Amino acid sequence: MKSFTADYVFPVYADPIKNGVVTVDEGGKILSVSDSASDASPPPEKLSGIICPGFINTHCHLELSHMLGKVPTKTGLVDFIKEITKQRGTTDSSLITAAAEKSDNDMYENGIVAVGDISNNNSTIAVKAKSKLHYHTFVEIFGFLPDKADELFEKALTLMEEFKPQSVSITPHAPYSVSKELFRLVKKYCETHNNLLSIHNQECDDENKFFRYKQGTFTELYEYFGMDISHFKPQARNSMQSIVPLLTNKQEILFVHNTCTNLKDIYFLKRFDRKINWCFCPNANLYIEQKLPKIDLFVGQGFNITLGTDSLASNHGLSILSEMQTIQHKYPAISTAKLMEWATINGAKFLGIHEEKGTLETGKTPGLNLITNVNGLNLTPESKVKRLI
């Protein structure tokens, strides 16, 4: 057994405990959380900072880890997509695997215990199989041309089988890259299978402009790929509003990024019976678009909010603490306690692992982090995370 005490303990399911004590067994299972060091056995190790559960990263692209520093910043989403497409398939497979292994270890060292990871190929299967982290893989479907829907869906099912028995599901990539026909095939599949969804949503203004008016840089993107999009008609509403009716009400759905989601979009969602969760990856938004979502609009709306890192193609590191710091700097009214929920239990709930992860409750094995260089209950730009368990 081991016991730890710090300035504050964040159980997450309850209020922070000043000078709290956490006791765990050799396997990391929580034996007790208390407010008195005198009750602890063995005597607790005294630490400075905040003790909290391990972090949940609900959005990552492990297979893009080899692109660290290779994609220019602040180009906007369309040019970012073009650059990713150019570089895919140009790197030796051994280098892709080595970079993925390093990222997996980096996330472990950064106090992350579980990851919702996007995959377009099978390059990360072996890395995930031997990882200390829990992974749920989202096999991503692309295809904006209606006549390709059946073929692409079958390919996604085949790739998903390669990941089993790991936790895995199939998911549409984004509104602008998936045809209505392909959305309908996914919806039909979700009616009879346990199938989490994770969808890139409203990452730039031009995504909404394309759906409203069939204008903007996305028309250039389809030309760049040599695609005939004459079948697509302007929807007269934003991209998210256009796809919500095509989504299942049987599965949990994660909308990721939400950089240009507005209050009307949020209210629109409430008219539908859909199990919506949000994921914010602020450092990636700044990397690509130099713009953050209006995160304060989402608070108090009754939806589950989570955090992600996106990939090393669009971020300088894979740290949930760094994402929390970015949000707190821009939105200081959002408390550390609220951010802690987003970084832990909310992600665990979405991934369906909340019985084991996400809070410091007796019997759970959530991992144990120490956040140092804090100002009372607040994070600072100098805050660091250290894995204790």
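Predicted model: local features only at pLDDT ≥ 70, side-chain atom pairs only at ≥ 80, totals over all residues.

Biologist: Does isoleucine 320 count as buried or exposed, and why?

Modeller: Isoleucine 320 counts as buried because its relative accessibility is 0%, and buried means under 20%.

Biologist: Which helix is isoleucine 320 found in?

Modeller: Isoleucine 320 is found in helix H11, which covers residues 320-330.

Biologist: At what angle do H10 and H11 pack?

Modeller: Helix H10, residues 282-289, packs with H11 at an angle of about 70°, and their axes are 8 Å apart. That angle makes H10 roughly perpendicular to H11.

Biologist: Which residues meet there?

Modeller: From H10, Pro282, Asn283 and Leu286 meet Ser322, Glu323, Thr326 and Ile327 of H11. By class, this contact has three nonpolar, three polar and one charged residues.

Biologist: A change of topic: which residues are buried in helix H6?

Modeller: In H6, residues 205-213, the buried residues are Asp206, Glu207, Asn208, Phe210 and Phe211.

Biologist: What do the buried residues of H6 pack against?

Modeller: They pack against strand S12 (197-201), helix H7 (217-224) and helix H8 (239-243).

Biologist: And which residue follows H6?

Modeller: Lysine 214 follows H6, and the phi of lysine 214 is positive, near 55°.

Biologist: Lastly, how many Å apart are isoleucine 320 and threonine 248 in space?

Modeller: They are 29 Å apart, C-alpha to C-alpha, and 72 residues apart in sequence.

Methods: Residues numbered from 1 in each chain as written. Heavy atoms only, no water. Axes fitted to C-alpha atoms, helices over the stretch in contact; angles between N-to-C directions. Helix = DSSP H or I, 4+ residues; strand = E, 2+ residues; numbered from the N terminus. Parallel < 35°, antiparallel > 145°, perpendicular 65-115°, else oblique. Contact = heavy atoms within 4.5 Å. Nonpolar A, V, L, I, M, F, W, Y, C, P; charged D, E, K, R; others polar. Buried < 20%, exposed > 50% of the residue type's maximum accessible area, 1.4 Å probe, protein only.
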